[in-house]
Amino acid sequence: MVLDRKKVACSLQVGGKFLPQVEEFKYLGVLFTREIVVNEVNFVRKCISAESSQDDLWGKLICTNFKVSFIPQDAPTKQKSKLSHLLLGEHDIPLTCLEQVVTVNDTKGKKKVLGSNQKLKFNPTELILYCKDLRIIRFCFDEAGPESAKKVCLAIAHYSHPADLQLLFGFEYQGRRYHEFKGEQVNGSSPRGGLQTPIFDRPSDWDREIKRTGASEWRVCSINEGYAISQSLPEYVVVPVSLADQDLKKYSIFFTDQRIPLWCWNHPNGSALVRMTSINDPLQQKKIDQRIFTAITKSHPQRSEVIKSDLDKCLPTILDIQCAFVKIRQICVIDPFEESEERWLTSIENSRWLEYVRAFLKQSAETVYLLDGKNASVILQEEEDRDLCCVVSSLVQLMLDPHYRSLIGFQGLVQKEWVMAGHRFLDRCNHLKKNDKVESPLFILFLDCVWQMMNQYPAAFEFTEAYLTVLSDSMWIPLFSTFLFNSPKQRAQHLMDFAKNKAIPQGEDQVVFFPPVWNWSQQFSTKDQTLFNNPMYVGKGAACVQNGEVKSFRRTKKNYSSTLRGTPSSMRNGLRGGEETLPRRGSLMSELKPDFSVVKDESPSERFFRDWFSRPADQQGVLIPLLIPSHVVLWKLFFLRWVPEACIHKGGPVTAYHKLSQLVDEIELLQIHLRRYKGPSPCSTPLPSPSGPPSDQRRMYFKASSPNDPPTPPEYLTSSFPFTPVGNLCRRSIHGTPISKFLNGARIWLSTETLANDTV
């Protein structure tokens with residue numbers, strides 16, 4: 001794999017020795033700048049299949065201060081069936097991606113999970129790496145020197161448990177990268193490295209969001225500049241115009257971590273979505289609530305009411321979510337699918353992961369009703385406002401605002417509601433592996449909820465499930481600032497110290513010298529990034545056919561928001577009233593039945609959802625997910641992509657994606673030829689060359705087929721595309737078991753009882 005670096009002219013250190021400067025190099029054991037080989041062992045066998053050792057690879061296992069790397073003895077053939085990462089080789093694992101390091105000695109029957117600074121009293125014959133991206137990598141030391149094998153295992157365990165955040169390799173990598181490319185940054189590069197995604201670390205980003213949503217009665221407030229008020233809020237927040245800075249300072253001491261209420265979004269009807277912590281002084285709660293409610297009411301043109309939703313009372317805890325994720329990972333990845341496991345689908349249900357996904361989607365849909373149907377402003381309240389609020393506020397905006405269903409809009413949403421709002425990525429991802437009790441996959445649960453909506457409304461999102469999966473993988477690559485810190489202040493403080501240590505000029509933009517993940521050219525080629533583009537997307541300005549004519553779509557306020565108003569009560573279609581808490585979690589399924597018939601004494605909320613589901617969904621309007629069990633399903637590309645038995649040759653959703661991409665590419669080429677035939681208009685841009693745009697500038701990964709191409713999908717296409725399970729999971733075969741029936745297209749039900757009650 002050739003690393004995409006134009007100017008790599010730096011000294012490389014391997015095993016304590018400096019290598020000569022190089023211009024370009026292949027990934028054959030040559031490392032990044034400042035990446036140091038800590039330990040290595042030769043004659044290692046990487047297990048490819050659990051069934052036999054015939055396909056196993058022999059080579060060298062290396063531990064560096066960034067990753068675990070296996071270098072095959074024989075250069076492997078380039079695979080078309082997977083993404084080609086610019087920063088990681090096919091056999092590389094970032095140290096932050098390691099969940100557990102397990103050593104085994106078969107002859108003595110011993111097994112040990114290694115931590116930092118631990119001793120190993122036996123010589124390992126096998127090393128098993130359990131990864132946070134759900135891979136399980138296995139190495140055998142049949143022919144390797146026992147002492148060398150022991151040392152490399154201990155090195156991997158030690159360096160995957162860094163004592164301090166500054167020891168993560170990203171701080172070394174980005175410091176050197178900044179100085180190497182400083183000349184390019186100065187000479188004509190666009191601001192912030194050409195990044196289009198708003199970071200929300202400047203007042204201008206918030207101003208644009210206020211104007212975009214029409215929140216004219218809200219303003220950008222700078223009382224937290226220098227993090228003077230709250231350690232976990234961004235420096236700039238949006239507050240009601242009627243609230244003065246001195247009042248906010250006075251009230252801030254009563255909120256957890258002094259987090260004043262945080263504006264999220266405004267509905268075109270004037271309703272606002274706000275999030276806030278609990279008030280830590282019960283004697284002051286009523287007074288503070290009243291003051292905040294009054295200010296939000298004044299910001300609404302119709303002075304509508306404000307409804308508070310206590311998420312701690314109606315959603316699972318972060319510990320519940322972590323336990324569910326551990327269980328579903330065990331079922332899907334770690335446990336072998338044996339013949340005796342006849343109730344695999346019931347095991348998925350018992351993990352409660354899908355139940356929690358439904359619970360968050362349901363709570364978000366309730367909030368959509370309050371904002372869109374009841375014309376009320378909503379305050380999402382959580383004790384610390386840094387976990388559950390992140391999920392719900394993001395999903396609500398995703399359901400209501402088509403801007404957030406575009407790629408740039410979605411990335412801005414994550415930046416605004418997660419990164420700048422102070423979600424504890426460092427703790428929840430457990431990058432330093434210091435406290436398992438605070439680890440919880442809130443962001444993965446959010447991505448699963450997003451995928452559920454994409455699965456139900458595939459034309460409403462500009463991005464694909466491959467993009468969501470890559471985004472989840474990026475959490476474990478410590479080279480970007482997005483998922484490394486617990487708060488904006490922690491990020492600013494660490495990057496300030498980092499800049500001093502690396503002789504970066506004072507006042508340099510932190511986005512430039514330690515960039516976020518949103519510039520995908522850091523990780524993938526232009527070609528591979530086209531895998532993020534959804535060929536079915538019906539975006540703003542997209543063409544549609546109406547009465548035989550091609551017309552451009554224009555979103556209007558009418559199809560963006562509903563005109564139905566009412567008070568919340570019980571809801572059908574898997575929803576209950578916004579003012580009621582969720583019932584006991586085990587009884588969620590009893591409510592999730594669609595029923596579009598008119599019911600006597602129907603509440604306004606029931607009428608709102610019945611009317612919404614009875615009409616065709618507007619892909620650029622409000623979207624409400626169906627929550628019956630057969631519609632909230634297992635995200636197979638995420639949970640099963642490494643399972644060899646789950647890999648369906650020329651099967652899965654990718655086959656439709658392949659054909660649709662080819663069709664869209666052909667249509668876009670025809671449009672170019674049609675414009676050329678009609679001739680350029682006075683205001684049009686210059687026409688491309690007669691053959692059309694270059695292949696690497698076209699939007700679709702799969703290009704239009706020629707008459708000579710075979711009608712079937714390419715041989716390398718599988719249901720795991722663009723990933724490959726080869727060498728990433730070793731277990732026994734599952735053919736003929738319940739899981740194989742599920743993978744071959746069985747409906748996803750959760751139990752016999754649920755299936756009997758499920759009416760579609």
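Trainee: In which secondary-structure element is Leu273 found?

Mentor: Leu273 belongs to strand β14, which covers residues 272-276. Keep in mind as we go that this is a predicted model.

Trainee: Is Leu273 buried or exposed?

Mentor: Start from the cut-off: a residue is called buried when its relative accessible area is under 20%. Leu273 has 0% relative accessibility, so it counts as buried.

Trainee: Let me move to charges. How many salt bridges does the count come to?

Mentor: The general idea is a distance test: a side-chain nitrogen of Lys or Arg has to be within 4 Å of a carboxyl oxygen of Asp or Glu. By this rule the count is 30 salt bridges. One of them pairs Lys67 with Glu35, with 2.5 Å between the closest N and O atoms.

Trainee: Why does the pair of Lys67 and Glu35 tie parts of the chain together?

Mentor: Look at where each partner lies. Lys67 is in strand β5 (residues 67-72) and Glu35 is in the loop between β2 (17-19) and β3 (37-46), so the bridge connects parts that are 32 residues apart in sequence. Lys67 and Glu35 are both buried.

Trainee: And what does the salt bridge of Asp401 look like?

Mentor: Asp401 pairs with Arg212, and their closest N and O atoms are 2.8 Å apart. Asp401 sits in the loop between α11 (388-400) and α12 (407-419), and Arg212 in helix α4 (residues 203-213), so this pair ties together parts 189 residues apart in sequence. The two partners fall into separate classes of accessibility: Asp401 is buried at 3% relative accessible area, whereas Arg212, at 33%, counts as partly exposed.

Trainee: Which residue does Arg424 meet in a salt bridge?

Mentor: Arg424 meets Glu384, with 2.8 Å from N to O. This pair also links distant parts of the chain, 40 residues apart: Arg424 is in the loop between α12 and α13 (425-428), and Glu384 is in the loop between β16 (377-381) and α11. Arg424 counts as buried at 16% relative accessibility, and Glu384 is partly exposed at 30%.

Trainee: Which residues of α22 are buried?

Mentor: They include Val654, Tyr657, His658, Ser661, Gln662 and Asp665. A general point goes with such a list: an α-helix has 3.6 residues a turn, so residues three or four places apart point the same way.

Trainee: What about the backbone? Which peptide bond is cis?

Mentor: Check omega: the bond from Phe721 to Pro722 is cis, with omega near 10°. Pro722 is in the loop between α22 and α23 (738-743).

Trainee: And what is phi of Leu134 and of Gln258?

Mentor: Here you look for a positive phi in a residue other than glycine. Leu134 has phi near 80°, and Gln258 has phi near 55°. Leu134 is in the loop between β9 (126-131) and β10 (136-140) and is buried, at 2% relative accessible area. Gln258 is in the loop between α5 (245-252) and β13 (262-266) and counts as partly exposed, at 31%.

Key:
Residues are numbered from 1 along each chain as its sequence is written. This is a predicted model: local features need pLDDT of at least 70, side-chain atom pairs count only at pLDDT 80 or more; totals for chains, interfaces and linings use all residues. Side-chain values use heavy atoms; hydrogens and water are left out. Helices (H or I, at least four residues) and strands (E, at least two) are DSSP runs, numbered from the N terminus. Buried means under 20% relative accessible area, exposed over 50%, partly exposed in between (1.4 Å probe, protein chains only).
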